[in-house]
Amino acid sequence: MTRRVLKACRLGLGLAILPGLALAQTMLPQDPGLGAGGMGGTSPLWSDEAALAPTATPLGNEVLGDRTPGAAALKAVDPDADVTLPGRDPGGTQDDAATVLADSMVLQGDRTLIAAGGVVVWYQGARLVASRIVVDGASGNLTIEGPIHLSRPGAADPEEEAVLVADSGQLDRELQDGIIRGARLVLARELQLAATELTRTGNGRMTNLRNVVASSCQICASDPTPLWEIRARAITHDAETRLITFDHPQFRALGIPLAAAPFALTAPDPTVERRTGFLRPEFRTTSGLGFGVKLPYFVTLGDHADVTVTPYVSASRTRTLELRYRQAWSNAVTEWNGAITRDDIRPGETRGYVFGNALVDLPRGYRLGVQLQAASDRGYLLDYDITEADRLWSGFTLERITRDKLFFGRVGNYHSLRDDEDNSTSPAQVADVIWQRRFTPDYIGGQGLLEWSIHAHRRPSDQDELGRDMARASVGLNWRRSEILPGGVVGAALAGIDADIYRIAQDSRFDDVVTRADPMVGVELRWPLIGGKGGVTHLVEPVAQILYSPAGDDDDIPNEDSRLIEFDEGNLFSESRFPGWDAREGGLRANLGVTWTRLDPTGWSLALTGGRVLRADPERAFPDGSSLSGTSSDWLVAAQYDSGNGLAIANRALFDDGFDISRNELRLGWLRNDLQLSAGHLWLDGDVAETERADISELVANVGWQIREGWWGTAETRYDFNADQAQRASLDLTYRNECLTVDMGVSRRFTSSDSVRPETSIGLSVRLGGFGASEDLPGTVARRSCMR
């Protein structure tokens, strides 16, 4: 018999639902809806490498950044190789050999074998350790004196699967069936089942225990009462289905009965990763919804699909049904999340949302993406802790990336949930196609890049100017060739041309059809220098880039995609600092900069970058007072420090010749086993025209730390210094020991608008160890020690 296994995640057992409920598992690292605010235990696992954070909000896709949220990350796992379970039929011949190791062995006349003193028996994948065994010569059955240690026959990893510990017993010659006295069955080194008597039948498949106590907590001789335990008249473990059946179970905490069931309950053993049944409940209290309970039920639809149904009920505020559907094929994967609600926040209204996406691998390396996002209102997404997104995108994407070619296309619809945005006058239906090919030209050498692109967007409004619709077709050709010149100088020649044709409708200020062409030529000189002393390495590289393109006049083209302009070390040496196509830099300009890097033999490093842009004439497309306006830009200075052991600091500043700073950004990351710190501060001068807003001074910080053994804390905040208040804050605590995980969290959202109000959320969830596979979490596990 074979089984195919689809990877899955942990299962939680809730104290309040123990009676009468089967248990289940899912196949993602974190089940949705299990955290209130930022529930404890949801912190990502960090590597030992240094990292700067907080990172920018992920863009909608890798080619075009629109800052709309992506749907749930799709993850498909290839099924494990087929696993053939050992035959339950004894099989083999009666003279199958066993290996016996003992201090002494005596063979009597009737072929009875007596082995004593440190006995170890290996037979068909099973291992038996005992102090003395007697093997009957006629039947081959074993009488065993303990202490006994027996691993399951045919186990893929005997140490990690079921292990039987007992005082004495009788087993058949295959070490599978028999009666064991004073037995303890240990599953995956997590769950322990202790019984006065244990019987194994079905060629080792079924293990039956009577008068049983089950717990994953450590039990000390001086204090035999575990933190929690389940007592039952009988417990049956099926080694093939990996299910545990409790007959008339009673749940106790610190020896006190809390819950009981007058019937049988079934739960997966610790090796199970996916099973139909209830997941751990979540208890959630918010200022808008009051106290409520989420009780997810997970249903497997074969090895490649599942459904999770989650009723969410609060005392008097909400009746919600959440749904999640996932499926994986050999060439595709999809996930759909949604909910429907009737609550007291908006009496008489039906609220809800649906987020879904799919990825399909097509022939010749193409990948098709489908995404649907819809919500009744933005407040719903915040009230039910779904996402903080305020713009949604639904549509199709098609992409193909090879070594020298890129194709990306998408068509879809934007929908804004912001109070200050009118969907009728914002670009709603949008289509984009980009095709790029990198090549090496004949005769002249170097690297060439050919790009074709098409863009179109439509506003639903029919009003002149406010309802402007636009379409653009562009072609670009860029060429670069580098050579090493005398003295180690690296010289490069650059050339390119971009041509566009625009079709503009419903805006009387612009012509219906507009064309333009922008050629560019330039040279670049780099002088990389390296030196060192005493093991220290210094790298210095001055760079001078001179570019020329005819000064254009883009007033006859509406600027739809290049209104927000950034200036940093990433585009210091770019041909154009505009992020889109509607505006381009022109005129004679020089991009100047230098980088110095120090590499220390002890592992730390320091890098500094400085530069600015000089122009023969001001670029009119840059707003007056911005960091790139005038004949000389602001100075750009950036520094990065990496300690080599988890600490990283980065700072970027823009300032003019009078050292008046217009922008400063500081980021800090410190990663250790007991500390995960991520913080960033951004300051923007609101007087510059490019920002079109008041000064900005914000701190974003996230810290996770080991409070003490077993306790892991996470705190997060976003604080606005100008408003002198936090926008959001949260504190989460997770406690873990060898048999219990408790997640507690409280969060507060301070922002408010016509559709959103401040809200406080409190969450709690409990997971008992030993039922279903568990995931790794940051921090240590508190293990209680027995006093001797």
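**View 1. Asp 674 and Arg 672 meet in a salt bridge.** The closest N and O atoms of Asp 674 and Arg 672 are 3.0 Å apart; a salt bridge here is a side-chain nitrogen of Lys or Arg within 4 Å of a carboxyl oxygen of Asp or Glu. Asp 674 is partly exposed because its relative accessibility is 36%, and Arg 672 is partly exposed too, with a relative accessible area of 38%. For these labels, buried means under 20% relative accessible area, exposed over 50%, and partly exposed in between (1.4 Å probe, protein chains only). Please keep in mind that this is a predicted model, in which local features need pLDDT of at least 70 and side-chain atom pairs count only at pLDDT 80 or more, while totals for chains, interfaces and linings use all residues. Residues are numbered from 1 along each chain as its sequence is written, and side-chain values use heavy atoms, with hydrogens and water left out.

View 2. Side chains of opposite charge can pair when their charged atoms come close. Arg 391 and Glu 421 meet through their side chains at 2.3 Å, N to O. Strands (E, at least two residues) and helices (H or I, at least four) are DSSP runs, numbered from the N terminus. Arg 391 is partly exposed, at a relative accessible area of 27%. A second pair is Asp 432 with Arg 410, whose closest N and O atoms are 3.6 Å apart.

**View 3. Six charged residues are linked in a network of salt bridges.** The members are Asp 343, Arg 346, Glu 349, Arg 351, Asp 377 and Asp 383. In the whole structure, a search finds 45 salt bridges.

**View 4. Strand β21 (residues 305-314) pairs with strands β19, β20 and β22.** Two strands pair if DSSP finds at least two bridges between them. Strand β19 (residues 290-294) runs antiparallel to β21 and is joined to it by three bridges; here Val 293 has Val 313 as its bridge partner. Strand β20 (residues 297-300) is also antiparallel to β21, with four bridges, and Val 299 partners Val 307. The hairpin of β20 and β21 has four residues between the strands, and Gly 302 takes a positive phi near 85 degrees in it. With strand β22 (residues 318-328), β21 pairs in the antiparallel sense over nine bridges, and Ala 305 stands opposite Gln 327.

**View 5. Strand β44 (residues 740-749) is largely enclosed by the rest of the structure.** Why is β44 described as largely enclosed? Seven of its ten residues are buried. Strand β43 (residues 725-736) runs antiparallel to β44 and is joined to it by nine bridges, with Leu 733 and Met 744 as bridge partners. These two strands form a hairpin with three residues between them. Strand β45 (residues 759-768) pairs with β44 in the antiparallel sense over ten bridges, and Leu 740 has Leu 768 as its bridge partner.

**View 6. The largest nonpolar core has 45 residues.** A nonpolar core is a set of buried Ala, Val, Leu, Ile, Met, Phe, Trp, Tyr and Cys residues joined through side-chain atoms within 4.5 Å. Leu 128, Ile 133, Leu 175, Leu 193 and Trp 228 have the most contacts inside this core. Strand β6 (residues 126-135) gives the largest share, five residues. Apart from this core lies another one of twelve residues, among them Leu 289, Ala 339, Leu 381 and Leu 417.

**View 7. Five residues make a nonpolar surface patch of about 440 Å².** They are Val 521, Val 523, Ile 546, Tyr 548 and Leu 588. The elements that give two or more residues to the patch are β32 (513-526) and β34 (536-549). Patches are made of residues with over 30% relative accessible area and no salt bridge, with like charges joined within 9 Å and nonpolar side chains (Val, Leu, Ile, Met, Phe, Trp, Tyr) within 5 Å; accessible areas come from the Shrake-Rupley method with a 1.4 Å probe, and for residues only the protein chains shown count as cover. Val 521, in strand β32, is partly exposed at 49% relative accessibility.
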